[in-house]
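Here are my comments on the model you sent. Please read them with the structure open beside you.

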Amino acid sequence: MKTQNVSFKATLVVMLAAVMAVAVLAGCAKTEASSSESSSSASSSASSSSSAASIETLSPSAVSPSSSSASSSSSASSASTGAPSTTSASYTTYVNEQEGYMFEVSPSFATESSGSTARVYTAKAGEAPFFTLSVMRNPTGQTEEELLSGVGQKAVEEYGDKITKGPVPNTVQLHNRQIKGIEYVVQDGGKQKAVYQYAEVINGSFFVWSGVASADDTTTPSAMQHAMDTLQFKTA
């Protein structure tokens, strides 16, 4: 029985790793192919988000506004289950109603939701660069290290010599917690795309942050880190 449990655990790690390693660039290709449709969708109006008064925060205080926020103007996507509502001149709050989480983004970014997954476009709606937050159940109690190790292996298997740098481990230091992840650079045609993938366990589930941007883009990783730092949960 112990051997079977170990085997199942290893299989689950591989499955989750495969999802993380493939989904980001696959999503990038999808958004680039459908950028016109997504841009149109992103301009639709959405309902206002739940009040920030009834939340449980993971961060004791928000970081100061990022100087590298994108300057393009897009409103929230109509596909969103929870639309951003303005919380300050610098940020709005995205809310995912299915999972009850929220985080801050620049009002110039477009957001959309698919179930428990949020996607934030940091330049043009429907196109890379973007970052996502996905929730994955963790029934066997995997650690972040186990998941990320599998993610790195799957990335190497998937992209081979197209990876020009990494995967390398990294840790993001937030106000009151650290999030572990890996980063690597993929040669995609004539462009080099940086991929950021981070994971933390919250209430028995993996919260997986992933981002795709050009290798010299500083806006997207900065925006993703601010979203990480302001992650909160509705309490009612």
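**Notes on the predicted model**

1. Start with the second largest pocket and the classes of its lining residues. The lining has 7 nonpolar and 2 charged residues, and no polar ones. Bear in mind that this is a predicted model.

2. Which residues form that lining? They are Lys165, Val168, Glu183, Tyr184, Val185, Ala194, Val195, Tyr196 and Ala215. The volume of the second largest pocket is about 160 Å³.

3. Now the overall fold. The protein chain holds 12 strands and 4 helices. Take the contacts in the chain with a separation of 6 or more: 60% of them join residues 24 or more positions apart.

4. Next, burial and surface. Of the 236 residues in the protein chain, 46% are buried. The accessible surface of the chain is about 10900 Å². Carbon and sulfur atoms account for 51% of that surface.

5. Phe130 sits in strand 7, which covers residues 130–137. Is Phe130 buried or exposed? Its relative accessibility is 1%. The cut-off for buried is under 20%, so Phe130 counts as buried.

Note on methods
Residues are numbered from 1 along each chain as its sequence is written. This is a predicted model: local features need pLDDT of at least 70, side-chain atom pairs count only at pLDDT 80 or more; totals for chains, interfaces and linings use all residues. Side-chain values use heavy atoms; hydrogens and water are left out. Helices (H or I, at least four residues) and strands (E, at least two) are DSSP runs, numbered from the N terminus. Buried means under 20% relative accessible area, exposed over 50%, partly exposed in between (1.4 Å probe, protein chains only). Contact means heavy atoms within 4.5 Å. Accessible areas come from the Shrake-Rupley method with a 1.4 Å probe; for residues, only the protein chains shown count as cover. On a 1 Å grid over the protein atoms alone, a cavity is a set of points where a 1.4 Å probe fits but cannot get out, and a pocket is an open set with protein on both sides within 12 Å along at least five of seven lines; lining residues have an atom within 4 Å of a point. Grid points are joined across faces, edges and corners, and a volume is the space filled by probe spheres set on the points. Ala, Val, Leu, Ile, Met, Phe, Trp, Tyr, Cys and Pro count as nonpolar, Asp, Glu, Lys and Arg as charged, and the others, Gly among them, as polar.
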